[in-house]
Amino acid sequence: MQEPSSECFSTLSPKKVLTSHLAPADFGTYALALTVISVTGAVATLGLNEGVPRYIAFFRGRHEEQKVHELIISAMIMGLIAGLLSILVSPSLFHTLAGNGFDAQGKVLSVVKTLIFAVPFTILLNLTVAIYRGFDRTNVNMYFYNIVRPVSLLGFATVAVFINASLKGVVFADLLSMIFTFGIMSVYFIKRPPIKRAVKQERKIQFGGTTRQLIRYSFPLLITATLLNIMSWIDTIMLGYFKSAEIVGIYNAVYPIVGFLSLVVSSMGFVYVPVTSRLWGQNETAPLGSIYEIMTKWCFLLTFPLFALIFVYPEYFITKLYGEQYVSGAIALRILALGS
C-alpha cells in the first residue's frame with residue numbers, strides 16, 4: 001500500500017530486502033497487486049484524508065470547535081464502512097475487469113485477496129493522521145509513515161526472508177506490518193488524543209450539516225485522488241499488460257528512488273494546507289502569498305541538486321541499493337527523474 005512516504009527513503013531498506021529474496025518476476029507480481037490495492041484505497045478513502053484536515057483547521061480558525069467532534073466521528077465511520085466494502089468488492093471487480101487479459105494465471109489476484117484486508121486499517125490510519133494534521137500536529141505523519149510503518153515492514157520482511165518464505169509469506173508480512181502500525185497508532189490516539197478528553201466527552205455523536213459539508217467538499221477530492229492514483233500507477237499497469245512481470249519488478253524496484261525528488265514538495269505541502277486553511281478561516285489572507293513564494297523557492301533549491309545526481313549517475317544508485325540484476329533499469333530511472 002502506498003502511503004505518503006512510500007516513494008521516499010523510508011521504503012528503500014524494506015524493498016532492498018524484498019528484491020534480494022524475490023525473483024524479479026515475483027516482485028513484479030507483488031507490485032501489480034499493490035497497484036490494485038492502491039487504487040482501491042484511494043477510492044475507499046473517499047477524499048476524506050484531504051477534507052478532514054481542511055475543515056478541522058477551518059473550524060478551529062473560526063472558533064467553532066463544537067463541529068470538530070462530529071467531523072471526526074463521521075469521517076471515521078464512513079472510512080470504516082468503505083474499507084469493509086472494499087474487501088468484498090475489490091477482488092471480484094478486479095477479476096471481472098482485468099483477470100482474463102491482465103492476470104490470466106491468477107497470480108496477482110491471489111496476492112490481492114491477501115493484501116485487501118489491509119485496506120480498512122490503511123484508511124483508518126490515513127484518517128487518524130489527517131485528524132492530527134488538522135490540529136497542526138504533522139509530526140504524527142512522520143512517526144507512523146516514516147518510522148513505524150517502514151521499520152515494521154523491514155522487520156516482518158526480514159523474518160520472511162530469514163525463514164525463506166514464498167511470495168505469499170512476504171505478502172502476509174506486509175499485511176502484518178500494516179496491522180501492527182495501526183495498533184501502535186491506536187494506542188497513541190488513546191494516550192495522546194488530538195482533542196482534550198473533557199471537550200470530547202461533552203459532544204454527542206451526530207451527523208448534521210457539518211458532515212454534509214465534509215462530504216460535499218471531499219467528493220470532488222475522491223474523484224481527483226482516484227484519477228491521480230491511477231495516473232501514478234498507469235506505468236505499472238501498462239507494463240503489466242504489455243510486458244512480463246520481470247520487467248514490472250525491475251521498474252518498480254528503481255522507481256522509489258525518484259521519490260527523493262518529491263520528498264521536499266510533499267513534506268512542505270503536508271504542512272501548507274492546514275496552516276493556510278486556518279489563516280483563511282481567520283480572514284488573514286495577506287501572509288498566503290509570501291508563504292507560497294518561500295515554499296516554492298526552497299522546494300527548488302533543495303530538489304535540483306539531488307535530481308542532477310540521480311540523472312547523471314543512475315547506475316550507481318541502483319547498484320548500491322539493489323545489485324547488478326536491476327541495473328538494466330538505469331534508463332528508466334533517468335527518464336523518471338527528468339519527468340519528476
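Modeller: Please bear in mind that this is a predicted model.

Colleague: At what angle do α6 and α8 pack, and how far apart are their axes?

Modeller: Two packed helices are described by the angle between their axes and by the distance between those axes. Here α6 and helix α8 (residues 167-191) pack at about 35°, and their axes are 10 Å apart. The crossing of α6 past α8 is left-handed.

Colleague: Is arginine 133 buried or exposed?

Modeller: Arginine 133 belongs to helix α6 (residues 119-134). With a relative accessible area of 4%, arginine 133 is buried. Setting aside residues up to four places away in sequence, arginine 133 touches Asn49, Glu50, Pro53, Thr138, Gly269, Phe270, Val273 and Pro274.

Colleague: Which residues have the most contacts inside the largest nonpolar core?

Modeller: In soluble globular proteins, nonpolar side chains tend to be buried together. The largest nonpolar core in this model has 68 residues, and Tyr30, Val52, Ile56 and Leu115 have the most contacts inside it. Helix α2 (residues 24-44) supplies the largest share of this core, nine residues. Another core, of 13 residues, lies apart from it and includes Phe144, Val148, Met178 and Phe270. As for valine 52, its contacts beyond four places in sequence are Leu71, Ala75, Ala130, Ile131 and Leu214.

Colleague: Which residues of helix α15 are buried, and which are exposed on the other side?

Modeller: An α-helix has 3.6 residues a turn, so residues three or four places apart point the same way. In α15 (residues 330-339), the buried residues are Ala330, Leu333, Leu336 and Ala337. Seen down the axis of α15, they fall within an arc of 125° and therefore line one face of the helix. Ile331, Ile335, Leu338 and Gly339, on the other side of α15, are exposed. The cover over the buried residues of α15 includes α11 (245-254), α12 (259-281), α13 (286-312) and α14 (314-322).

Colleague: How many helices and strands does the chain have, and what percentage of its residues is buried?

Modeller: The chain has 15 helices and zero strands. Of its 340 residues, 48% are buried. Among contacts between residues at least 6 apart in sequence, 82% join residues at least 24 apart. The chain exposes about 16700 Å², of which carbon and sulfur atoms supply 67%.

How values were computed
Residues are numbered from 1 along each chain as its sequence is written. This is a predicted model: local features need pLDDT of at least 70, side-chain atom pairs count only at pLDDT 80 or more; totals for chains, interfaces and linings use all residues. Side-chain values use heavy atoms; hydrogens and water are left out. Buried means under 20% relative accessible area, exposed over 50%, partly exposed in between (1.4 Å probe, protein chains only). Helices (H or I, at least four residues) and strands (E, at least two) are DSSP runs, numbered from the N terminus. The arc is that of the directions from the helix axis to the C-beta atoms. Contact means heavy atoms within 4.5 Å. Accessible areas come from the Shrake-Rupley method with a 1.4 Å probe; for residues, only the protein chains shown count as cover. A nonpolar core is a set of buried Ala, Val, Leu, Ile, Met, Phe, Trp, Tyr and Cys residues joined through side-chain atoms within 4.5 Å. Axes are lines fitted to C-alpha atoms, for helices over the stretch in contact, and angles run from 0 to 180 degrees between N-to-C directions. A crossing is left-handed if the near helix is turned anticlockwise from the far one by less than a right angle, and right-handed if clockwise.
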